[in-house]
Amino acid sequence: MSNIFSSSIGRKLIMSISGLFLISFICVHLSVNLLLIFDDSGELFNLAAHFMDSNPIVKIVEPLLAIGFAVHIIYATIITIQNKKTRPQKYSVQNNKATSSWSSRNMYILGTLIVLFLAVHLSDYFYKIKFGIMPTITIDGTIMNDAYLVVSKSFINHFWYSLLYIASGLFLGLHLTHGFWSAFQTIGWSNTLWLKKLKTIALVYAIIIATGFSIIPLYFLIFM
Amino acid sequence: MNFTLKIWRQKDAKSEGCFKKYTVSDINSDTTFLEMLDILNNSLILEGKEEPVAFSHDCREGICGMCGLFINGRAHGPDTGITTCQLTMRNFKTGDTIIVEPWRAKPFPVIKDLIVDRNSFDKILQAGGYISVNTGSAQDANSHLISQKDAEEAFDASACIGCGACVATCKNSSAMLFVAAKISHLARLPQGKIEAVERAKKMVAKMDELGFGGCSNTGACSVECPKNISLTHIAKLNREFLKAKF
């Protein structure tokens, strides 16, 4: 195992494992968020948010998630800086469009946009729920944060805020169209048969994630 | 057909280079790109004002891996599955301006005009891209049972001619497809399996040491590869490397 994580493949392994961990988190996150639009009373979402807030397993996963994000971001930065150094003299013309997808070439830019969104997102919801003053609601005799009220209000009252969430959902989708299958490729779980399948699964997953996250603010903007 | 050529001219490795404009006329559409450069060079020699354009070439039938030019932003030009010597002028329109550059990557320094030093590929091969055992003669080869699938995939990988288009086109100047082709080729065959662990470790270490970038799986290398080497060989390389390391 000597020096594995200083090798180019080892660094990519870290990116792919942390990426797959974040992909599974995104799936759970979207499942909970979709409750926002399936129950206009907000009861289901509040119950789910309360469950996530009080569940001991989530308490353990939370710091792991923070580490996952940090590792993914730090290694992406290291890899990008090192890769930039490999071509000191650029081509005067390079027709990248003919050979690869825009997302695959701009994963770091997409990632940066997602991180910027994450900063806004965490300061607005996560920080407020954890450390701020939240309105409360009583469901089945249990007093809990009325997260539904906070989320729905911010989407209904702030057009630009909703737009930010819609755009970020799309950025995340684009990031995943490449990141999902690329993670399996890096681990080595790909062959002639599976490469095409993985690319299709990645596209489907990315569309589900992008659409899922984007329709929530859209729903509040249009129907509420 | 008539063309305007913008060609990278550089006296030697230490000199600064720049683009120079040339025109060629009455080029037959079946002329190959290198033949078109030969025609240009003939006229430059006859004029006697400047040196002919230096470019690498040898077999001119797509098997030696010597030629390699970055033409209009594409490695080996606009066609796919071919080397520069197999590129014909019918892929262009008469009157086109064609930009011709050498491969650009830190481990491929320009020696002169369009010629780059690809010794770094040899160094990667010297690090482990070989088998140390005697493979014997025909009857010995027949005694080794190899599945059709492994034989086919090893053969596909062995088609790599080391031209460097993968590095040239990769946004990270990564040599992963080249290294993957060698590792995948040898690791699938009984004689190559013996040194698979050491080979994966040494070749990847050498690739990193020489300054090639990491793989972002954009797939550009495979698109530009004249031998259509699949990206799945990179997955195989990753498997071999991780198996060797863990």
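Helices (H or I, at least four residues) and strands (E, at least two) are taken here as DSSP runs, numbered from the N terminus. The structure is a predicted model, in which local features need pLDDT of at least 70, side-chain atom pairs count only at pLDDT 80 or more, and totals for chains, interfaces and linings use all residues. Residues are numbered from 1 along each chain as its sequence is written, while chains are lettered from A and ligands numbered from 1 in the order in which they are written.

With these terms in place, one loop of chain B may be considered. Ser173(B) sits in the loop between α5 (165–169) and α6 (176–187) of chain B. Its phi is near 50 degrees, a positive value in a residue other than glycine. A residue is called buried if 20 or more other C-beta atoms lie within 10 Å of its own, exposed if 12 or fewer, and partly exposed in between, with C-beta atoms placed from the backbone. Ser173(B) has 25 other C-beta atoms within 10 Å and is therefore buried. Asp113(B), in the loop between β6 (110–112) and β7 (115–116) of chain B, likewise is not a glycine and has a positive phi of about 45 degrees. Asp113(B) is buried because 22 other C-beta atoms lie within 10 Å. Asn228(B) belongs to the loop between α9 (220–224) and α10 of chain B. With 13 C-beta neighbours inside 10 Å, Asn228(B) counts as partly exposed. A distance of 22 Å separates the C-alpha atoms of Asn228(B) and Ala200(B), which are 28 residues apart along the chain.

Chain B as a whole is divided into domain 1 (3–112) and domain 2 (119–245); such bounds come from an automatic or database domain assignment. Taken over C-alpha atoms, the centres of the two domains of chain B are 29 Å apart. Two residues are in contact if their C-beta atoms, placed from the backbone, lie within 7 Å. The contact between the domains takes 19 residues from domain 1 of chain B and 17 residues from domain 2 of chain B. For residue classes, Ala, Val, Leu, Ile, Met, Phe, Trp, Tyr, Cys and Pro count as nonpolar, Asp, Glu, Lys and Arg as charged, and the others, Gly among them, as polar. On the side of domain 1 of chain B that touches domain 2 of chain B, 9 residues are nonpolar, 7 polar and 3 charged.

Chain B also contains an open sheet of 5 strands, ordered β2-β1-β5-β3-β4 with mixed pairing. Two strands are said to pair if DSSP finds at least two bridges between them. The edge strands are β2 (18–24) and β4 (74–75) of chain B, each of which pairs on one side only. Strand β1 (residues 3–9) of chain B pairs with β2(B) in the antiparallel sense over 7 bridges, and Thr4(B) has Thr23(B) of β2(B) as its bridge partner. Helix α1 (residues 33–47) of chain B lies across β1, β2 and β3 (70–71) of chain B and runs at about 90 degrees to β2(B).

Further along chain B, helix α8 (residues 196–209) and helix α10 (residues 232–245) pack at an angle of about 105 degrees, with their axes 8 Å apart. Axes are lines fitted to C-alpha atoms, for helices over the stretch in contact, and angles run from 0 to 180 degrees between N-to-C directions. Angles under 35 degrees count as roughly parallel, over 145 as roughly antiparallel, 65 to 115 as roughly perpendicular and the rest as oblique. α8(B) and α10(B) are therefore roughly perpendicular to each other. From α8(B), the contact uses Ala196(B), Val197(B), Ala200(B), Lys201(B) and Val204(B), and from α10(B) it uses Glu240(B), Phe241(B) and Ala244(B). By class, this contact has 6 nonpolar, no polar and 2 charged residues.

Chain A has 9 helices and 2 strands, and 30% of its 224 residues count as buried. Strand β1 (residues 136–139) and strand β2 (residues 142–145) of chain A pair in the antiparallel sense over 4 bridges. β1(A) and β2(A) form a hairpin with 2 residues between them, and Asp140(A) in the turn has a positive phi of about 50 degrees.

The two chains meet in a contact that takes 36 residues from chain A and 40 residues from chain B. The largest share of the chain A side, 5 residues, comes from α1(A). That side divides into 12 nonpolar, 19 polar and 5 charged residues.
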